[in-house]
Amino acid sequence: MNAAPPYFVNDIYKRFINPNASPRTYVPAELSQLLRGGGDGVLMGWYVTSVNDVVVWIVSGLWGRLHGLQPPEWYWWRFNGYGYFWEW
């Protein structure tokens, strides 16, 4: 929650949305992202019944992709970070 707003403001908002804005413009953008992140956390806490539910959701979402990438690594030695990027 504390790290996401600066990433959004510095990497996306300053670069693509409003590159010529004054520094005073970035404060409300960062605060809005902070509130959105806090709101997301409250909603997740409201609906999630246990930490196990979250872990199962994350693992089930990543499990198939992880095992889909294993065979290219076995047969193609040049499968590197770029291969992972384009596979996703």
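User: Happy to start with P6: which residues is P6 in contact with, leaving aside its neighbours within four places in sequence?

Analyst: In this predicted model, P6 touches D11 and E30 once those neighbours are set aside. The term contact applies because heavy atoms lie within 4.5 Å. P6 itself sits in helix α1.

User: Why is P6 called partly exposed?

Analyst: The relative accessible area of P6 is 25%. Buried would require a value under 20%, and exposed one over 50%. P6 falls in between, so P6 is partly exposed.

User: How far apart are P6 and Q33 in sequence and in space?

Analyst: In sequence, 27 residues separate P6 from Q33, while their C-alpha atoms are 8.7 Å apart.

User: Which residues meet where α1 and α2 come together?

Analyst: From α1 there are P5, P6, F8, V9, Y13 and K14, and they meet T25, Y26, A29, E30, Q33 and L34 of α2. By type, the contact comprises eight nonpolar, two polar and two charged residues.

User: Which residues form the largest nonpolar core?

Analyst: That core has five members: V9, Y13, A21, Y26 and A29. At least two residues of this core come from α1, and at least two from α2. As background, nonpolar side chains tend to be buried together in soluble globular proteins.

User: Now to the loop: where does N18 lie, and why is N18 called partly exposed?

Analyst: N18 is in the loop that links α1 (4-17) to α2 (23-47). Its relative accessibility is 27%, between the 20% and 50% cut-offs, so N18 counts as partly exposed. Setting aside neighbours within four places in sequence, N18 contacts Y13, T25 and Y26.

User: How many helices and strands does the chain have, and what share of its residues is buried?

Analyst: The chain has four helices and zero strands, running α-α-α-α from the N terminus. Of its 88 residues, 12% are buried. Among contacts with a separation of 6 or more, 31% join residues 24 or more positions apart.

How values were computed
Residues are numbered from 1 along each chain as its sequence is written. This is a predicted model: local features need pLDDT of at least 70, side-chain atom pairs count only at pLDDT 80 or more; totals for chains, interfaces and linings use all residues. Side-chain values use heavy atoms; hydrogens and water are left out. Buried means under 20% relative accessible area, exposed over 50%, partly exposed in between (1.4 Å probe, protein chains only). Ala, Val, Leu, Ile, Met, Phe, Trp, Tyr, Cys and Pro count as nonpolar, Asp, Glu, Lys and Arg as charged, and the others, Gly among them, as polar. A nonpolar core is a set of buried Ala, Val, Leu, Ile, Met, Phe, Trp, Tyr and Cys residues joined through side-chain atoms within 4.5 Å.
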